[in-house]
Amino acid sequence: MADKGFDENDEVRPDAEGAEAADAAAPAPEGEQDEALTVDDILDAEQTDEAAEAEHSDYETQLLHDLKRLQAEYANYRRRTEEQRSIDIDRAKGEVARNMLPVLDDLERAAKHGDLEEGTAFALVAEKMRAVAEKSGLVAYGEQGEVFDPQRHEAVFQQPVPEATESTVLEVVEVGYRLGDVELRPAKVVVAVPAE
C-alpha cells in the first residue's frame, strides 16, 4: 500500500462531525446575533414586564381609590347642601309666618267683635289669609277648657275656681302658633286653678 501523501493541490474535506463543530465555533452572522438570547436575558425581560404590569396595576388602584374618594366627597356635599337648603326653607317659612302673626291676631279680634260678617269682602280676605297660613304649615293652638301645659301656654293670670280639679285654660288672651315642630309663640291664657 502506497503511502498517500498530501500535496498542495489536494483538497481537505472534513468529516460531518467536524463540520458541525466548525459551524458552532464560528461566530453567528450579524443579523442572527440579536435573536440569540440567553436565559438571563429572557428572565430579565419577564421581570421588567412584571414590574411594568405591577406599576400599571398600582396606578389603576390609586386612580380607583381617588375616584371613590371623590364620589364620597360629592355625596357628602350633596347631603350637606340638601340639609342646609331644608334649614333655609324652614327658616324662611318661619320668618314669613312670624310676620303673619299680627295680621292673624287682628283677624281673630275682628271675628270676636263681629266685624267679619259672612259674605263680606273682609271675611273673604280673612279666609284667604287663614288658608295661606295653614298651607304654609302654621298651626294655631290654645282653646278654652284644655288642660294648662306650661310648655305650650303662657299664664298671664291665675283665677281660683271652686269647681276646678286641675289647672285648665279659662280664657285665651292670645292664640299660640307652631310651625312644624318649632313653636313660634306660646298661647297666652288665663288659667283656672283649684280654689283652696
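**Salt bridges, sheets and a nonpolar core**

Arg 69 is partly exposed, with a relative accessible area of 38%. Here, buried means under 20% relative accessible area, exposed means over 50%, and partly exposed lies in between (1.4 Å probe, protein chains only). The structure is a predicted model, in which local features need pLDDT of at least 70 and side-chain atom pairs count only at pLDDT 80 or more, while totals for chains, interfaces and linings use all residues. Residues are numbered from 1 along each chain as its sequence is written, and side-chain values use heavy atoms, with hydrogens and water left out.

Arg 69 has a charged partner. Its side chain meets that of Glu 73 in a salt bridge, at 3.1 Å from N to O. A salt bridge is a side-chain nitrogen of Lys or Arg within 4 Å of a carboxyl oxygen of Asp or Glu. Side chains of opposite charge can pair when their charged atoms come close. Glu 73 is also partly exposed, at 42% relative accessibility. Both Arg 69 and Glu 73 belong to helix H3, which covers residues 39–112. They sit four residues apart, about one turn of the helix. Helices (H or I, at least four residues) and strands (E, at least two) are DSSP runs, numbered from the N terminus.

The structure holds nine salt bridges. Another of them links Glu 83 to Arg 79, with the closest N and O atoms 3.3 Å apart. These two residues lie four apart in helix H3, so about one helical turn separates them. Glu 83 is partly exposed, with a relative accessible area of 42%. Arg 79 is partly exposed as well, at 43%. A further bridge joins Asp 88 and Arg 91, where the closest N and O atoms are 3.5 Å apart. The spacing in helix H3 is three residues for Asp 88 and Arg 91, again about one helical turn. Asp 88 is partly exposed, at 36% relative accessible area. Arg 91 is exposed, at 53%. Elsewhere, salt bridges that share partners join Asp 105, Glu 174, Arg 185 and Lys 188 into one network.

Helix H3 also contains Glu 95. This residue is partly exposed, with a relative accessible area of 43%. Glu 95 and Leu 184 are 89 residues apart in sequence, but their C-alpha atoms are 9.5 Å apart in space.

The strands come next. Strands of a sheet pair through backbone hydrogen bonds, either parallel or antiparallel. Two strands count as paired if DSSP finds at least two bridges between them. Strand E1 pairs with strand E4 (residues 176–179) over four bridges, in the antiparallel sense. Within this pairing, Ala 140 has Tyr 177 of E4 as its bridge partner.

Strand E6 spans residues 187–194 and is mostly covered, as six of its eight residues are buried. Strand E2 (residues 153–161) runs parallel to E6, and eight bridges join the two. Gln 159 stands opposite Ala 192 in E6. Strand E3 runs antiparallel to E6, with five bridges between them. Here Val 169 stands opposite Val 191 in E6.

Strand E3 covers residues 168–174 and includes Val 173. Together with Val 156 and Phe 157, Val 173 makes a nonpolar surface patch of about 280 Å². Patches are made of residues with over 30% relative accessible area and no salt bridge, joined within 9 Å for like charges and within 5 Å for nonpolar side chains (Val, Leu, Ile, Met, Phe, Trp, Tyr). Accessible areas come from the Shrake-Rupley method with a 1.4 Å probe, and for residues only the protein chains shown count as cover.

In soluble globular proteins, nonpolar side chains tend to be buried together. A nonpolar core is a set of buried Ala, Val, Leu, Ile, Met, Phe, Trp, Tyr and Cys residues joined through side-chain atoms within 4.5 Å. The largest nonpolar core has 22 residues, of which Leu 104, Leu 138, Tyr 177, Leu 184 and Val 189 touch the most other members. H3, helix H4 (121–135), E1, E3, E4 and E6 each supply at least two residues of this core. H3 gives the largest share, six residues.
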